[in-house]
Number of protein chains: 4
Amino acid sequence: MHQNSVAGGHGRNGNGKRPPGRPRSEHARLAILRSTLKLLQENGFSEFTIEEVAERAAVGKATVYRWWPNKGALIADAFANSATPNLHFPDTGWIDKDMSQQMRQLVRVFSGPQGRIVSAILGAGQSDPELIEAFRERFLKPRRREAYTTLRRAIVRGELRRDVDPDLLLDSLYGPIYMRFLIRHDRLTPEFVDRLCALVLAGARPRHKSGSRARRARPRPPKPRH
Amino acid sequence: MHQNSVAGGHGRNGNGKRPPGRPRSEHARLAILRSTLKLLQENGFSEFTIEEVAERAAVGKATVYRWWPNKGALIADAFANSATPNLHFPDTGWIDKDMSQQMRQLVRVFSGPQGRIVSAILGAGQSDPELIEAFRERFLKPRRREAYTTLRRAIVRGELRRDVDPDLLLDSLYGPIYMRFLIRHDRLTPEFVDRLCALVLAGARPRHKSGSRARRARPRPPKPRH
Amino acid sequence: MHQNSVAGGHGRNGNGKRPPGRPRSEHARLAILRSTLKLLQENGFSEFTIEEVAERAAVGKATVYRWWPNKGALIADAFANSATPNLHFPDTGWIDKDMSQQMRQLVRVFSGPQGRIVSAILGAGQSDPELIEAFRERFLKPRRREAYTTLRRAIVRGELRRDVDPDLLLDSLYGPIYMRFLIRHDRLTPEFVDRLCALVLAGARPRHKSGSRARRARPRPPKPRH
Amino acid sequence: MHQNSVAGGHGRNGNGKRPPGRPRSEHARLAILRSTLKLLQENGFSEFTIEEVAERAAVGKATVYRWWPNKGALIADAFANSATPNLHFPDTGWIDKDMSQQMRQLVRVFSGPQGRIVSAILGAGQSDPELIEAFRERFLKPRRREAYTTLRRAIVRGELRRDVDPDLLLDSLYGPIYMRFLIRHDRLTPEFVDRLCALVLAGARPRHKSGSRARRARPRPPKPRH
DNA sequence: CAATAATCGAGACGGTACGTCACGTCTTCTT
DNA sequence: AAGAAGACGTGACGTACCGTCTCGATTATTG
């Protein structure tokens with residue numbers, strides 16, 4: 001089977017022993033990943049060619065195929081190992097602010113050169129399950145985990161209903177962004193993000209009971225932004 | 001330029017006069033569009049081949065290229081001319097019901113064989129603007145127009161705020177469906193649709209003023225479902 | 001079967017009656033033959049296309065195919081109907097002069113724009129028996145017939161042996177010209193023609209018996225050149 | 001530029017060093033050349049297809065195009081590398097015999113399956129200068145060189161005039177053969193060859209001076225036939 | 001230090017689909 | 001019935017990448 005370059009297709013193996021033979025060239029690996037990303041954001045997926053990746057990386061085609069079984073795996077790996085943009089959640093003390101700030105960052109990334117790559121991955125992923133899985137595991141889930149924490153804080157603060165379904169809520173917040181990003185039927189602006197947050201979070205707030213204002217119960221000071 | 005087969009690449013033109021020469025074969029056109037859809041839903045986009053489309057349609061490759069400049073245009077046209085699924089909006093008298101019924105239908109379509117085609121279009125569309133535009137114009141927009149009407153009725157009935165942004169609201173309702181459909185990180189069930197509706201529409205309801213229940217003001221009987 | 005345009009695919013038939021329907025367009029026929037020759041001498045055979053013949057003649061492709069079954073027949077017909085160059089034999093009274101003058105003319109034709117056409121016909125004829133036959137019947141044989149007469153005169157005059165094989169002699173005279181024309185290994189000059197004539201005719205002269213000089217017996221004055 | 005497979009498109013280059021990369025497959029090269037000849041002699045040029053050459057040779061089409069830029073180059077190369085038929089000149093001591101024996105062999109080759117190939121080359125060569133040049137360089141010239149030697153011997157023996165133009169003489173001998181071969185207006189028989197030889201060589205013999213019979217001066221014994 | 005072994009670059013290999021072109025036939029309306 | 005126009009099915013063209021392979025050269029560990 002093909003070695004995943006992250007799991008250690010090179011260097012010492014579990015035994016602490018290096019296998020015989022010439023070790024894998026780290027330089028080649030990086031050059032390949034770099035040219036993969038560059039090519040992807042220049043040309044999109046439809047003109048993405050392993051032949052050109054190899055040429056730009058000044059690497060033999062076989063070296064690419066030795067370590068990545070197909071385009072999808074290569075792109076997924078390149079994307080996963082790319083400098084993941086700063087998409088962490090702040091802790092402002094208000095769920096609206098926490099969410100909208102992070103979502104604005106996401107929109108900014110989607111609008112920049114990295115967006116081209118994400119769009120290529122999601123596009124090509126429609127006919128390559130591995131690719132879309134890589135996106136979920138390496139991009140979506142890590143952020144989801146952070147988001148869960150953020151939501152939990154808001155529940156504790158009483159900003160959200162205790163019985164809110166976090167996945168439903170997060171899909172409701174991010175789904176519209178992905179939809180506009182992929183279908184491009186409308187603009188992806190910070191204002192859109194704010195109004196989206198306001199709309200969706202409004203539906204997730206506790207039923208107001210007289211005398212118990214949710215916002216008042218703020219148990220602890222916010223952490224500084226990450 | 002290539003004639004769009006919908007805009008009348010065949011038959012009489014505006015002058016009521018037929019152009020000279022052998023007229024375009026309607027039979028070939030239909031066979032091509034049919035085999036395009038079939039092939040797409042069998043094999044997905046990555047193995048979609050004009051060569052095989054032509055062969056299955058018992059048509060020369062050149063005939064395909066004569067009328068569609070590339071894969072994207074062909075797929076877009078085939079999709080547009082396909083028996084568009086019954087995705088109309090009911091008029092039950094309640095916005096929650098109207099929306100969730102239509103959205104359940106959409107989910108059902110996405111889960112069926114047609115879903116494969118939609119996914120192929122949105123996927124390939126990420127590197128083919130024409131294709132994604134075709135999806136917007138021929139699939140999304142017609143449904144949006146119906147949706148506006150449905151929303152307007154709800155506003156009139158007092159179920160939704162007068163100042164609600166219909167595009168924001170619709171993206172909030174449909175975005176999560178598209179997201180789950182494309183990223184496949186979670187299941188697309190009718191229950192999900194219902195809870196999604198409930199969550200989002202809750203945020204779009206008028207602020208409750210004491211003594212004026214919105215629901216009471218129901219001015220007219222609902223039309224039977226379409 | 002296809003009508004040969006020479007044998008009267010148009011006009012009155014044997015009965016003196018015109019067939020019903022629109023008569024064949026003489027204008028189209030000529031335009032086709034003209035553009036055939038022109039195209040052939042511009043581009044050679046390998047890029048000769050019926051499609052372009054029809055276009056240049058402002059004629060439907062089907063009109064070409066209606067009257068000529070294939071490229072070969074068209075080219076052969078065009079060549080046959082072309083203004084055949086003046087390649088007649090003079091009657092100077094001396095066989096050497098008669099032959100070399102005619103052969104010089106032939107070389108001149110081969111070197112000019114018509115040569116391109118002849119070369120195309122002989123070239124394409126190698127894989128199209130009809131074409132090479134057309135060349136024989138319409139070009140070679142008529143000239144051969146004239147040549148026989150010329151040779152006979154020379155025999156009568158005593159310039160050639162009585163038992164000379166005319167076909168052998170003529171092939172010996174013309175073969176080298178065709179060879180240089182087709183293989184292009186050496187130049188086709190008037191001097192070459194003269195020396196060729198001298199060499200070959202020398203071998204066909206009667207054995208000199210002392211006292212009987214062939215040249216002396218000149219029975220009649222030469223006809224003026226044709 | 002395309003490497004000529006003869007000049008060394010494979011194997012070590014002048015430096016004694018092999019170029020980097022996988023070396024050219026000798027097996028593929030030979031298979032291609034073989035199927036080229038076979039196809040040519042089966043179908044003639046007009047149905048000669050690179051697609052079928054590749055298929056019969058069990059080779060990718062691209063491999064053919066990698067080494068030969070077009071049909072002409074491929075055919076020329078295949079012809080040149082083909083087992084050149086035994087067409088050497090004997091040394092019988094008499095020029096008539098030397099020539100007629102070799103010319104009979106040539107006629108035999110032209111009449112056999114190889115003739116089909118020669119005719120295809122000369123035919124296609126009319127619209128492909130490279131092809132006709134290949135014929136000249138690889139077929140005609142080598143034989144011409146041998147012929148010069150044969151003629152020189154005859155001159156030394158006094159069978160031919162000292163001032164005879166060898167090219168003129170050889171064209172006069174071979175031209176008629178090529179003409180009958182290409183135009184097919186008459187049969188190519190051994191008898192024709194003999195009478196042709198007799199006719200042409202008669203014109204190249206020295207002027208008979210009384211008392212000095214050319215034939216008598218035979219300086220050396222003939223070499224056995226090659 | 002030599003032998004062994006896996007990697008590297010380069011690039012040729014057998015394939016497949018591409019998009020184009022001309023073939024020879026057909027179907028329409030016009031003359 | 002023949003004309004121009006032009007679409008039709010067919011099949012070869014020459015190109016681009018696919019993923020595999022075979023080279024010599026390189027770079028490590030092992031004996």
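The chat below looks at one residue and then at the cavities.

A: Happy to! One thing to keep in mind is that this is a predicted model.

Q: Good to know. Where is Gln126(C)?

A: Gln126(C) sits in a loop of chain C, between helix H6 (113–125) and helix H7 (129–157).

Q: And is Gln126(C) buried or exposed?

A: Buried: its relative accessible area is 16%, and the cut-off for buried is under 20%.

Q: Which side chain does the side chain of Gln126(C) make a polar contact with?

A: That would be the side chain of Ser119(D), at 3.4 Å.

Q: What else is Gln126(C) in contact with, leaving aside neighbours within four places in sequence?

A: Besides Ser119(D), the list has Gly123(D), Leu182(D) and Arg184(D) from chain D, plus Ile132(C) from chain C.

Q: Which helix gives the most to the lining of the largest cavity?

A: H7(C), with 5 residues. Helix H5 (95–111) and helix H8 (166–183) of chain C each supply at least two residues as well.

Q: Which residues are in that lining?

A: Among them are Phe89(C), Gln102(C), Phe139(C), Arg143(C), Tyr174(C) and Met179(D).

Q: And what is the lining like by class?

A: The lining of the largest cavity has 8 nonpolar, 1 polar and 2 charged residues.

Definitions and conventions:
Residues are numbered from 1 along each chain as its sequence is written. Chains are lettered from A and ligands numbered from 1 in the order in which they are written. This is a predicted model: local features need pLDDT of at least 70, side-chain atom pairs count only at pLDDT 80 or more; totals for chains, interfaces and linings use all residues. Side-chain values use heavy atoms; hydrogens and water are left out. Helices (H or I, at least four residues) and strands (E, at least two) are DSSP runs, numbered from the N terminus. Buried means under 20% relative accessible area, exposed over 50%, partly exposed in between (1.4 Å probe, protein chains only). A polar contact is a pair of N or O atoms within 3.5 Å; within protein, one must be able to donate a hydrogen and the other to accept it, and residues adjacent in sequence count only if both atoms are side-chain atoms. Contact means heavy atoms within 4.5 Å. On a 1 Å grid over the protein atoms alone, a cavity is a set of points where a 1.4 Å probe fits but cannot get out, and a pocket is an open set with protein on both sides within 12 Å along at least five of seven lines; lining residues have an atom within 4 Å of a point. Ala, Val, Leu, Ile, Met, Phe, Trp, Tyr, Cys and Pro count as nonpolar, Asp, Glu, Lys and Arg as charged, and the others, Gly among them, as polar.
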